[in-house]
Amino acid sequence: MDVFNDLGQGILAILTVQNVLLLGAGVLMGMVVGVMPGLGPSAGLAILLPITFTLDPTGAVVMLAAVYYGAMYGGTITSVLINTPGESATVASTFDGYPMAKQGRAGPALVMAAVASFVAGTIGAILISVAAPLTASVAASFGPPELFLVVILGLLTLIVIVGKNRLLGALSALIGFALATVGIDIGGGEQRYTFGSTELINGIDFIPVAIGLFGVGEVLHTLWRGGHLEKIGYFSVSARKRGFWPTKADRRESRGPMLRGSFLGFFVGTAPGAGATVASLMSYNLEKSISRKPERFGKGAMAGLVGPEAANNAASAGAMVPLLTLGIPGSASTAVLIGGFLMWGLQPGPLLMEQNPEFAWGLIASMYLGNVMLLLVNIFCIPVFASVARVPFRVLAPIILLVCIVGTFTVNGSIIEVGIMLACGVLGFFMRRYGFSPAALVIALVLGPLGEETLRQTMLISGGEFGIFLERGTSVALLSIMLVLVLVPLLTPRLRRFTASRLDALSRRRQERRDEAEASSERDRTSV
Amino acid sequence: MGRRGLRRPTGRTLFLAVLLVVLAVYTQMAFDMEWRTVAGRIGAGFFPRIIGILALAITAYALVVSLLPGAVDGEDELGGEEEAGAADLGRHPLPMLVVIGLAALVVIVFIPLGMIVASALFLAAVLFLLNRGRPVMNVVLSLAVPVAVYLLFQTLLNAGLPGGILPRF
Amino acid sequence: MRTKLITAAAAAALTVSLTACGAGSTGSEGSGGGDYPSEPLDWTIAFGPGGGNDIMARTMVDILQKEELYPENIEIQNREGGSGATGWGYLLGQSGSGYGVSTTSGSFITTPLQADTGWEPTDFTPVGLFATDDALLLVPGEGPIDTWEQWVEAAKAERLVVGGIGTVNVDFIVSAMLAEQAGYEVEYVPFNEEGQLQTALLSGAVDAMISNPGSILGQVEAGDMQPLISTAPERLDVLPDVPTAEELGFEGIPSMPRGLILPPDAPAEAQEWWIDTMKEVVETPEWQAYLDENYLSEDLRWGEDFTSYLTETQDRFEEILTEHGAL
């Protein structure tokens, strides 16, 4: 296998002392940046890019790959611990990660998330090596009609995410869409809802809204509930006695979601624009629809955390495919990398892999080693991070608020965005209190503009004909996937009813038993 | 939740009413933008109009439902279970409002006073409100956290935080 | 005033050593008399790291430091947001100072046209224009169209679609002017990101696209895309077979201006110092290498010439955009 040879040589070539140190430093710096609310991988890369200009291209790439994974994992840490996603791709990690932390399972959640990232990174690196040419041709067939369909795929997941309260969920999404229309209308250059402010020209950013709705909204809600009067901690008491490391059941439950998430993430991740976000949402959706215990999702299901985590990590490997094989940046982070390529005197384009093979394979290898290093660093760091859960809420609350304020300010140096963030915090409090879905709002905010833009582009291209969606191969394939996704949840309730009585009995027993007993009941059920 | 504590019967209705007004303004503005462009393409007002009308309809419906007898105020059982372990400590709108007010104040003085001073004042105020009876810890935290965050963002990441009345370091 | 103090303090604290080194070389040739450069420089980049504007600014700072042309410390800061409105708005706030400086790009002209930025390009003190980032019209590599003539013919026969970045932007203006002067009609589709634009062309969704040599040359070398025309003043060295718009009889097709500005009402001695210094900078081999690597066309216009270039270009933009109903 030639490709494995290339990958292996790539790995060997960068395994120098200097590069390993850069990897370690990069992962740590990335994690520190990513842990600050508001600063995700693309911000991390942008902030640290100038530092790497002093290094040689290989060293710079090694460092950036490490920063990238570190920052991404940093975002997971905040999603789990303080319910604040660092970028749109980690929104799905809050759904089950944060409930787990509240139950005192922050340790297992963070460890399994790191393992999921590592597994996804490994699969991603292998898939890049094996499937790059094939995937590249798929990526090159993504025009506006296909991107529109990918956005719709992402929006379909909202049905699962909003859960029982469909009406308020739909209203939440509509508020998100409404916020998304602020800014310059890409179709005609007209300003919408900017009230003449230059700060709003580029629209309302995801970051202040997400930090406000999730992070600040949660703090306000806990405060309102009297969290500051609790004697011991933010998180429930019984939990802290439980183990730090994942249990056997955790590991078994994670295996399937991790693998499915990795493959799903890699292929969806090749779509430019919304790849990682849509991939993580689709993975959550998939795990919930095929799970035997869908009612546990949103209340701390391991599968609901590791699936999206793996998908979002594999998506970043997927985004490397168009970058390396076509020279096309598929995400905000790869766009920053392209800027770096130019600075290092490399010409991004379809010939990059041919003309600079050692560089391209070095990049793939560094991504892989970045994952390895992340896992190693985290074995030491997770206990520190997880100990945040032991700080009493009355002390933690002001610090979280402060970090949210400073983090939001840092992104664009805009005090208006801090104001937006706080306003969203108040909105988030009310949304939580009255059963709205903040997740639906931010997802609509992220996908809305892309959906509108690509639909309008498609209509311009086709001259207003919807037939264009049936004329292009990739778009027909996407339409078929959509059909399957709509049909599966319609059929599963029947299957579910079939086994419902038996499962009910099992889950009641599960709640009463301890971990070991859980394992044996699990075995029972798999043999059904 | 409707199962304990004091309920404020008008809370949900009031929130929906405010939302209704905001959405009405949004929709009104959407109708000032063109539905279609001169060339017959989707115009700038196309999506805002659809979003506005749908959102108005849902909000109006939810508003009516919230006024019906038997309607619940506050969150329903959805959010209940994850918090089942936490003790019920009543409702505390006052500390929450004070914290929101203080945070808003930080936004106003963030640039003139600088990040460190504004943050330290905010932390001190909130800590003395929430974490009573531990003055030493509160003072130490109020000073140490802003300085640490400043060092991290400004010195390490060169993030451009306002120095304000203190000299930069 | 306070800003200046902070900057001074920051620079002093951060790079004591650098400042000390630089101080020795004050009064090197090229400084325009007086004691102008006696304070640290606050260099604003109105866009994020890694973009065209960022690369140019950092190259300039590198040269200024390597050649020891600026005796004090230079603090670079990316102040992105609002398509340049934030960064150049910051420079506006430094009115009267000679120690703020920023590089320009296409948005310097177009952003004030579409939003109330509070400044116009002509408000700032001009140093000079150094180069233009030219536009290319490209079609897919393996398609039936290989030359500009074939393109015009095809565009007259059927409805073709051209993609570009943004609406109130150079790309749209180039496409509109080419179509108008060649006598064909074309559907322009605005995109937000270069990546999506490129896949749109490769996937066959659009028939042609407007882009810059720097972002597209890899695709051209691989044969995936075929450039038909460039807006450069002369044929590009890397694309010797691509005719320029001027050769084909087009007039006044704009390119993206890459220049340098000081805050409004900067002292005359500061402006003189910068014009003299930049005249040296553009002679350096490093600068020439930068132009080559990024496929920019050198176009030197100093001081008031730069301002009148900006005014002319902006008027032309405004006229075309109004004509097409984009403003």
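Student: What makes the five strands of chain C an open sheet, and in what order do they lie?
Tutor: The order is β7-β6-β8-β5-β9, with mixed pairing. Strands are DSSP runs (E, at least two residues), numbered from the N terminus, and two of them pair if DSSP finds at least two bridges between them. β7 (186–191) and β9 (225–230) of chain C stand at the edges with a single partner strand each, so one side of each has no neighbour in the sheet. By the way, this is a predicted model: local features need pLDDT of at least 70 and side-chain atom pairs 80 or more, while totals for chains, interfaces and linings use all residues. Residues count from 1 along each chain as written, chains are lettered from A and ligands numbered from 1 in written order, and side-chain values use heavy atoms, without hydrogens and water.

Student: How do you know that β6 and β7 of chain C pair?
Tutor: Six bridges join β6 (residues 160–165) to β7 in chain C, and at least two are needed, so they pair. These two run parallel, and C:V161 stands opposite C:E187 in β7(C).

Student: How do you know that A:F436 touches B:F15?
Tutor: Contact means heavy atoms within 4.5 Å. A:F436 touches B:F15, B:L16 and B:L19, among others.

Student: What does "bury" mean for chain C and chain A?
Tutor: Buried area is the accessible area (1.4 Å probe) that two parts lose on being put together, summed over both. Here that is about 3400 Å², 58% of it on carbon and sulfur atoms.

Key. Helix = DSSP H or I, 4+ residues; strand = E, 2+ residues; numbered from the N terminus. Lists of a residue's contacts leave out its neighbours within four places in sequence.
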